[in-house]
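Take a look at the chain below. Keep the sequence beside the 3D view as you read.

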Amino acid sequence: MRIGDAAAAAGMTPRALRYYEQQGLVTARRAPSGHRVYDEEDIRRLRVVRELRDAGLTVGDVRTFAPLLRTMPAGGVPDLIPRATGPGRCPAVEAVARRRLADLDARIERLSQLRARLAARLGEPGAGAPAPTAPEAPAGPDGPATAARAGADSGPIFRLDGAPARAPAPAPASPPPPGPPALRA
């Protein structure tokens with residue numbers, strides 16, 4: 001079957017299927033016309049990948065045991081990571097899943113601390129005292145300790161260490177673009 005049908009059968013988009021192929025989680029064969037062709041085994045494998053992703057594993061996690069995907073049942077994640085010991089238990093999958101679980105626990109703890117600090121700054125009722133902060137960073141170019149950022153995608157809205165935040169340096173002025181002069185209000 002072609003990519004659109006295979007993606008629909010596996011419960012994903014063609015774009016996701018192509019991504020999983022790029023990551024080495026599935027390999028498509030090519031028809032003489034050059035189109036990707038998938039069979040039922042590919043669909044089963046893609047369903048396993050989707051179930052593992054839905055369970056909280058990353059693509060990198062799944063890639064670490066990609067060779068085992070062909071032996072895994074498509075019946076669901078509980079079968080892939082059984083609670084009881086026995087012949088169906090896969091130590092490689094379990095180790096990766098436990099590592100991911102520990103990572104998620106650490107992220108939840110960090111986010112809970114950040115939420116408590118922000119709630120305390122906003123004076124949210126019941127916020128209590130701010131959670132303990134991380135150890136101070138070594139002296140940097142901005143002063144004794146550089147403020148910790150709340151996340152990779154957040155900017156320095158305020159400093160968590162109590163010091164006032166400095167505004168970013170303005171960008172150098174560039175000459176106006178050629179064309180009619182700007183209207184002034």
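Which residue with a positive phi follows helix 3? Gly 56 does, and its phi is near 110°.

## Ground rules

This is a predicted model, in which local features need pLDDT of at least 70 and side-chain atom pairs count only at pLDDT 80 or more, while totals for chains, interfaces and linings use all residues. Residues are numbered from 1 along each chain as its sequence is written, and side-chain values use heavy atoms, with hydrogens and water left out.

Helices (H or I, at least four residues) are DSSP runs, numbered from the N terminus.

## Helix 3

Helix 3 has 15 residues. From first C-alpha to last, helix 3 reaches 21 Å, close to the 21 Å expected at 1.5 Å a residue. The expected span is 1.5 Å times one less than the number of residues.

The buried residues of helix 3 include Ile 43, Leu 46, Val 48, Val 49 and Leu 52. Buried means under 20% relative accessible area, exposed over 50%, and partly exposed in between (1.4 Å probe, protein chains only).

## The nonpolar core

A nonpolar core is a set of buried Ala, Val, Leu, Ile, Met, Phe, Trp, Tyr and Cys residues joined through side-chain atoms within 4.5 Å. The largest one here has 27 residues. Leu 17, Leu 25, Phe 65 and Leu 69 touch the most other members. Helix 1 (3-10), helix 2 (14-22), helix 3 (40-54), helix 4 (59-64) and helix 6 each give two or more residues to this core. The largest share, 5 residues, comes from helix 3.

Now pick out Phe 65. Leaving aside residues up to four places away in sequence, Phe 65 touches Leu 52, Leu 57, Met 72, Ala 92, Val 93 and Val 96. Contact means heavy atoms within 4.5 Å.

## Helix 6

Helix 6 covers residues 91-122, which makes 32 residues. Helix 6 reaches 46 Å from its first C-alpha to its last, close to the 46 Å expected. Its buried residues include Val 93, Val 96, Leu 114 and Ala 119. Just after helix 6 comes Gly 123, with a positive phi of about 70°.

## Salt bridges

A salt bridge is a side-chain nitrogen of Lys or Arg within 4 Å of a carboxyl oxygen of Asp or Glu. The whole structure has 10 of them.

One joins Arg 50 and Asp 54 (4.0 Å, N to O). These two are 4 residues apart in helix 3, so about one helical turn separates them. Arg 50 is partly exposed at 25% relative accessible area, and Asp 54 is exposed at 61%.

Helix 6 has its own pairs. Glu 94 bridges to Arg 98, with the closest N and O atoms 3.1 Å apart. They sit 4 residues apart, so about one helical turn lies between them. Glu 94 is buried at 16%, whereas Arg 98 is exposed at 52%. Arg 100 pairs with Asp 103, with the closest N and O atoms 2.7 Å apart. Arg 100 is buried at 17%, and Asp 103 is partly exposed at 30%.

Which residues form a network of salt bridges with Arg 100? Asp 61, Asp 103 and Arg 107 are linked with Arg 100 in this network.
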